Amino acid sequence: RVKIEDGETSKVEVTNPNAVRLSSELLRLFVTEAVQRAATIAEAEGGTKIEATHLERILPQLLLDF
């Protein structure tokens, strides 16, 4: 259940538990793929840490792939 308030009114929306699980899994896969792609770029540049620039470089293609 999600309670939404906008000052004057409030309502409760019921969410499907399967939809929440599916959304969580999709987000987990998205983040995992982003980290793997950024790590590949970092390694190719000889680095050992993933930096924001690595994520910025993989983000456009990642969004198209998902």
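**View 1. Glu 25, at 35% relative accessibility, counts as partly exposed.** Welcome to a predicted model, in which local features need pLDDT of at least 70 and side-chain atom pairs count only at pLDDT 80 or more, while totals for chains, interfaces and linings use all residues. Residues are numbered from 1 along each chain as its sequence is written, and side-chain values use heavy atoms, with hydrogens and water left out. Buried means under 20% relative accessible area, exposed means over 50%, and partly exposed lies in between, using a 1.4 Å probe and protein chains only. Glu 25 pairs with Arg 28 in a salt bridge, where the closest N and O atoms are 2.7 Å apart. The term salt bridge is used for a side-chain nitrogen of Lys or Arg within 4 Å of a carboxyl oxygen of Asp or Glu. Arg 28 is partly exposed too, with a relative accessible area of 44%. Because Glu 25 and Arg 28 are 3 residues apart in helix 1, about one helical turn separates them. An α-helix has 3.6 residues a turn, so residues three or four places apart point the same way.

**View 2. A salt bridge brings together the side chains of Asp 65 and Arg 37, at 2.8 Å from N to O.** Asp 65 belongs to helix 2 and Arg 37 to helix 1, so this pair ties together parts that are 28 residues apart in sequence. Helices here are DSSP runs of H or I with at least four residues, strands are runs of E with at least two, and both are numbered from the N terminus. Both partners are partly exposed: Asp 65 has a relative accessible area of 43%, and Arg 37 is at 22% relative accessibility. Side chains of opposite charge can pair when their charged atoms come close.

**View 3. Glu 45 and Arg 57 meet through their side chains in a salt bridge of 2.1 Å, N to O.** This pair links distant parts of the chain, 12 residues apart, with Glu 45 in the loop between helix 1 and helix 2 and Arg 57 in helix 2. Glu 45 is partly exposed, its relative accessible area being 49%. The structure holds 4 salt bridges.

**View 4. Searching the whole structure turns up 1 aromatic pair.** Phe 30 lies in helix 1 and Phe 66 in the segment after helix 2 (52-65), so the pair ties together parts that are 36 residues apart in sequence. For such a pair, ring centres of Phe, Tyr or Trp (its six-membered ring) lie within 6.5 Å; planes under 30 degrees apart count as stacked, over 60 as edge-to-face and the rest as tilted. Phe 30 is partly exposed at 22% relative accessibility, and Phe 66 is partly exposed with a relative accessible area of 47%.

**View 5. Leu 27, Val 31, Val 35, Ile 50 and Leu 55 make a nonpolar surface patch of about 410 Å².** Patches use residues with over 30% relative accessible area and no salt bridge, joining like charges within 9 Å and nonpolar side chains (Val, Leu, Ile, Met, Phe, Trp, Tyr) within 5 Å. Accessible areas come from the Shrake-Rupley method with a 1.4 Å probe, and for residues only the protein chains shown count as cover. Helix 1 (residues 17-44) gives the patch its largest share, 3 residues. Leu 27 lies in helix 1 and counts as exposed, at 53% relative accessibility.

**View 6. Ile 50 sits in the loop between helix 1 and helix 2.** At 38% relative accessibility, Ile 50 is partly exposed. Leaving aside residues up to four places away in sequence, Ile 50 touches Val 35, Ala 38, Ala 39 and Leu 55; contact means heavy atoms within 4.5 Å. Ile 50 and Val 35 are 15 residues apart in sequence, and their C-alpha atoms are 8.0 Å apart in space.

**View 7. The buried residues of helix 1 are Ala 34, Ala 38 and Ala 42.** These buried residues pack against helix 2. With 28 residues, helix 1 reaches 41 Å from its first C-alpha to its last, close to the 40 Å expected at 1.5 Å a residue; the expected span is 1.5 Å times one less than the number of residues. In the protein chain, 9% of the 66 residues count as buried. The chain has 2 helices and 2 strands, following the pattern β-β-α-α along the sequence.
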